[in-house]
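Q: I have a model open and want to learn how to read it. Can we take one feature at a time?

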Amino acid sequence: MATEPFNSENMMIRIAVLEIEEEYLDEYLAILKEESEASIRLEPGVICIYPMFEKERPTEIRLLEVYASKAAYEMHLKSPHFIEYKTRTANMVKSLNLINMSAIDEASMPKLFRKLNAN
């Protein structure tokens with residue numbers, strides 16, 4: 001049975017680019033890991049929050065964020081775990097840049113992200 005290609009038009013995809021104060025790096029990473037895990041586990045509209053750091057510059061953090069919709073993103077911003085993350089890390093973040101993205105290969109997204117197949 002043929003399936004229609006996945007349509008990411010209503011999704012919100014972004015790369016978050018952060019620089020963390022070096023003296024807070026270990027604490028920040030522990031808090032971020034906790035928050036990203038909770039977001040995936042507790043929020044159906046959070047498809048992916050995948051934190052990474054640059055090997056040569058570990059204070060340079062990148063997050064791949066994929067939300068089912070803008071409404072899912074708005075709900076995420078109001079979640080208790082996200083509010084706690086923002087509160088606890090406010091003095092640790094040196095800079096933050098949010099870059100909105102669009103998918104090139106939409107057909108691969110349901111293969112990569114299990115939550116997209118849950119419907």
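Q: What covers the buried residues of α1?
A: Keep in mind that this is a predicted model. The cover over the buried residues of α1 includes the strands β1, β2, β3 and β4. The helices α2 (70-77) and α3 also take part.

Q: Which residues of α1 are buried?
A: Buried here means under 20% relative accessible area. In α1 that applies to L25, Y28, I31, L32, E35, S36, A38 and S39. Look down the axis of α1: the buried residues fall within an arc of 160 degrees, so they line one face of the helix.

Q: Which exposed residues does the face of α1 turned away from the buried side carry?
A: D26, K33 and R41 are the exposed residues there.

Q: How many residues does α1 have, and how far does the helix reach?
A: α1 has 18 residues. From first C-alpha to last, the helix reaches 25 Å, close to the 26 Å expected at 1.5 Å a residue.

Q: How do I read a nonpolar core?
A: In soluble globular proteins, nonpolar side chains tend to be buried together. In this model the largest nonpolar core has 12 residues: A16, L18, I20, L25, Y28, I31, L32, I61, L63, F82, Y85 and M92. At least two residues of this core come from each of β1 (12-20), α1 (25-42), β3 (60-67) and α3 (80-89).

Q: Which element gives the most to this core?
A: α1 does, with 4 residues.

Q: What is L63 in contact with, leaving aside neighbours within four places in sequence?
A: L63 is in contact with R14, I15, A16 and L18, and also with L32, Y50 and P51.

Q: How many residues make up the second, separate core?
A: That core has 8 residues, among them I13, C48, M109 and L116.

Q: How should I read the sheet?
A: Strands of a sheet pair through backbone hydrogen bonds, either parallel or antiparallel.

Q: How many bridges join β2 to β3?
A: 7 bridges join these antiparallel strands.

Q: Now take a single residue. Where is the place of F53?
A: F53 is in strand β2.

Q: What does F53 touch, not counting residues up to four places away in sequence?
A: F53 touches P58, E60 and I61. Compare sequence with space as well: F53 and L63 are 10 residues apart in sequence and 8.5 Å apart in space, C-alpha to C-alpha.

Q: Last, the whole chain. What pattern does the protein chain follow along the sequence?
A: The pattern is β-α-β-β-α-α-β-α. That chain has 4 helices and 4 strands. Of its 119 residues, 37% count as buried. Its C-alpha atoms fill a box of roughly 55 × 30 × 20 Å, taken along the principal axes.

Conventions: Residues numbered from 1 in each chain as written. Predicted model: local features only at pLDDT ≥ 70, side-chain atom pairs only at ≥ 80, totals over all residues. Heavy atoms only, no water. Core = buried A, V, L, I, M, F, W, Y, C linked by side-chain atoms within 4.5 Å. Buried < 20%, exposed > 50% of the residue type's maximum accessible area, 1.4 Å probe, protein only. Contact = heavy atoms within 4.5 Å. Pairing = 2+ DSSP bridges. Expected span 1.5 Å × (residues − 1). Arc of directions from axis to C-beta.
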